[in-house]
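Look over the sequence and structure first, then read on.

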Amino acid sequence: GERGAAFERDCLLRAGDFCREDGQTAAALEFYAQAGDYERMLSLDLSPLILETVNGKPFAELARDIALNCPQEIKRSHPLSLLRLAYALYTAGMNEEFALLMEELRSAPDQAGGERDPALIAEWTLLDSLKNFPRTEEMIPALRKTTALFSAGRSRVILPASPWCLGNHSPISFFYTRPGEADRKADELEEYLALYAPLTGGHGSGADVLFRAELAFQRGEIGEAEILSYKAVFLAESNGQNIVHLGATALLAQIALHKADTAGWQRAIGSMERAAPGTQDTFISRATLDITRAVLLNELEDQGSIPQWLQKGDFSGRRLTAPIVIPAHFVHLSYLMHQGEFARVVGTGQAMLLPRGMGSPFVQALITLVTAVGQIGLGYRDRAAGLVEHAAALALPDGLVFPFAAYSWLLQDLPEKVIGQKYPHLLQPYHTIRNRFYTGWTTLREAIYSGELPADLTEREAEVARLAAAGLFNAEIAEKLVITESTVRTHLRTVFKKLHIDRRSRLAERIKFP
């Protein structure tokens, strides 16, 4: 009866208190949540937990429960914890709940006598600036005000370990918002991060440099893109920004392809897994790694190595943030294109572009070009021509000619016709990129997929090595080969011994296949 329930609650609280004293904050939160003790929950430092799972559910769901049901007298005692809950709601895409809690915190007194704590005002202002993300032109004025409010130190709400851009590794797919304004956006992102990164312990460091690297690459300026990519890697690695690091490493792999640099491509692939892991964003970094790797595999037409969830387009049950969903859909669309499922490509592509289109103009241009390939596959050349013209209007005002060169073989002569008629100044870069891409693609395909396996590897060891060198995790290899993770580890130890290497990242350097 009631005595039993009270006894059980007391046991939960005692267990939570023990975990808290032992430094096990996540475990303490689980016990307090089961007991329904909002006071104890809000007394914890919740900042490292916003991407954790509590009682089998995402932390954001608990944050929503607290925001909606916690008594006001308890809320008033824990404004900093509530700000951390608001950030958790933001990262989960719960925009309505985020806005409601932020409005509640706007007017809540923080100190005795009803006065506002200047430090908490600064935190609130910083967090409120995120509602404009990624509109840099609106974020910069808000950040200037925020910088003036932070008298010293850095944010206790937004930490550097939080996944930058909620897991999106490609700034050009997120911050490039208007055709013809890419360079202005690059300047704005640089100005924004100059204000934002110092307030958050380096959060986002290198993203502005990566944006410029992507622009240079899409324009065919390979030398400049490579320099900027290495700069972005250094800045990101120095500040623990694994998402930016991963994006820059992936771009280096694409650059290596254009240079017909097989060893460089393999080094980049081998370093991607090292770039991905973070301290509190495992589900985001793993999904981002899968997506990033799949883009490269699609490019080399190695669809068999793409993770199953991206092949099938099965995103149900996966914790994907909004910025991750768009590139995930694009990977699936590209997979369908390479599989020759043209009707699905056209139908899916049309849905992705309605009503206003998904992602930045650059992403919309990519989706449009893939949809055009589907129309050609179905025999509708006129429809494909209209789509190529539309994609050109989205990307070519900024000189982003690479996608048209990369898809040129699938789009027949349509890109060259559109560029020659409407953007003749880009015709020479188009031909240069097209030829370079073909040479690099052919060189890489031959070097990677035609190499002989070391003679002393067994067939199963070779299978495991091939998948590991392609960047698959042990669990993914085990699932694909229907063996246990322990067996995978055993095979890898044997492979390392036979190849005289001491780490996983060197597989791609020693074996000529991904």
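**Charge pairs and cysteines**

R219 counts as buried at 19% relative accessibility (buried means under 20% relative accessible area, exposed over 50%, partly exposed in between; 1.4 Å probe, protein chains only). This is a predicted model, in which local features need pLDDT of at least 70, side-chain atom pairs count only at pLDDT 80 or more, and totals for chains, interfaces and linings use all residues. Residues are numbered from 1 along each chain as its sequence is written, and side-chain values use heavy atoms, with hydrogens and water left out.

**Salt bridges: rule and count**

- A salt bridge here is a side-chain nitrogen of Lys or Arg within 4 Å of a carboxyl oxygen of Asp or Glu.
- Side chains of opposite charge can pair when their charged atoms come close.

**D183 and R219**

- The side chains of D183 and R219 form a salt bridge, at 3.1 Å from N to O.
- This pair links distant parts of the chain, 36 residues apart.
- D183 sits in helix α10, while R219 sits in the loop between α11 (207-218) and α12 (222-238).
- Helices (H or I, at least four residues) and strands (E, at least two) are DSSP runs, numbered from the N terminus.
- D183 has a relative accessible area of 41%, so D183 is partly exposed.

**R144 and E191**

- R144 and E191 form a salt bridge, and their closest N and O atoms are 2.5 Å apart.
- Distant parts of the chain are linked here too: R144 belongs to helix α9 (residues 136-149) and E191 to helix α10 (residues 182-199), 47 residues apart.
- R144 is partly exposed because its relative accessibility is 45%.
- E191 is also partly exposed, at 34% relative accessibility.

**E226 and K259**

- A salt bridge joins the side chains of E226 and K259, with N to O at 3.1 Å.
- E226 is in helix α12 and K259 is in the loop between α13 (242-258) and α14 (262-275), so the pair ties together parts that are 33 residues apart in sequence.
- K259 counts as partly exposed, at 42% relative accessibility.

- Salt bridges with shared partners join six residues into one network: E137, R178, E181, R184, K185 and E188.

**Cysteines**

- The structure has zero disulfides (a disulfide is a pair of cysteine sulfur atoms within 2.5 Å).
- C70 is buried, at 4% relative accessibility.
- C165 is buried as well, with a relative accessible area of 5%.
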